[in-house]
Amino acid sequence: MLHTVNKSAFDNSALGDCLAVVSPNDAVLLIENGVYGALDNSPSELAHIKNIKQLSASGTRFYVLQADCEARGLAESALLPAVTVVDDAGFVALAAEASAIQSWY
Amino acid sequence: MDKPSTNESTENESTDKPEDKDILLVFRHAPYGNALAREGLEAALACGAMGAKTSVLYINEGVWQLLEPQNSSAIDCKNQAAMASALPLYDVDAIWVDEDSLKQRNLTGADINAGKIINHTHVQTLLASSKRILSF
């Protein structure tokens, strides 16, 4: 299934709550202020970064919406390697292939 | 109602002189996702244009507003960074950025486009010494 998260990991528990229950077969798409959760800040090793890395290793797919990254000045090079950038068509494709969609907000 | 007229004239005089007023605007939210950042900047520019001694403080999620380049046309929004670059033109030169908020987000001075980074103690002093604060 597809999970979407639209709140920043730095002032909201939505991403953490999502990561606590996702399965290896799931896809997680970060949109709107949710894209800040995909920033790679290895020095401080925040909880959500560790979780994304672990879940990614076990098969969960992670995506960010391109338009939301560009709007907020987040370069693709600043994102976690585990995260794939998708455009609006990619968002639609993820939604279409998903058995169900859970929005975390 | 029963006030002496001298008091009234003093009050009127003070409201007519915005340059006597100093005001701090606190930006605590990310640039997009809601209207707070845009409204805060509009208020800051208005304060500056009115001649008030205006300072702004970027703290917590507000520091995201300072990342560039922002291609906000991708989400059909007005460019916040471009708007913020107008602050000095409106005599808003006191632009402060909270160091702890940057660190928590693994950002450094090299990542942000404006403002002077101040530590926790300076932020406390700034807030404590401001008589008028608007929060966005």
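Predicted model: local features only at pLDDT ≥ 70, side-chain atom pairs only at ≥ 80, totals over all residues.
A:Lys53 counts as partly exposed, at 35% relative accessibility, where buried means under 20% relative accessible area, exposed over 50% and partly exposed in between, with a 1.4 Å probe and protein chains only. Its partner in a salt bridge is A:Glu45, with the closest N and O atoms 3.2 Å apart, and a salt bridge here is a side-chain nitrogen of Lys or Arg within 4 Å of a carboxyl oxygen of Asp or Glu. A:Glu45 is likewise partly exposed, at 27% relative accessibility.

Residues are numbered from 1 along each chain as its sequence is written, chains are lettered from A and ligands numbered from 1 in the order in which they are written, and side-chain values use heavy atoms, with hydrogens and water left out.

What about the setting of other pairs? A:Arg72 forms a salt bridge with A:Asp68, the closest N and O atoms being 3.4 Å apart; here A:Arg72 is buried, with a relative accessible area of 1%, and A:Asp68 is buried too, at 6%. In chain B, B:Arg105 pairs with B:Glu61 in a salt bridge whose closest N and O atoms are 2.9 Å apart. That pair links distant parts of the chain, 44 residues apart, with B:Arg105 in the loop between α4 (99-104) and β4 (116-118) and B:Glu61 in the loop between β2 (53-58) and α3 (80-84). B:Arg105 is buried at 5% relative accessible area, and B:Glu61 is buried at 3%. Over all chains, a search of the whole structure finds six salt bridges.

Turning to chain A as a whole, we find four helices and five strands, that is, DSSP runs of H or I with at least four residues and of E with at least two, numbered from the N terminus. From that end the elements run β-α-β-α-β-α-β-α-β. The radius of gyration, over C-alpha atoms, is 12 Å, close to the 13 Å that the globule rule gives for 105 residues, so chain A is as compact as a globular protein of that length; the rule is 2.2 Å times the number of residues to the power 0.38. Of these 105 residues, 48% count as buried. Finally, residues 24 or more positions apart account for 73% of the contacts in chain A with a separation of 6 or more, a contact meaning heavy atoms within 4.5 Å.
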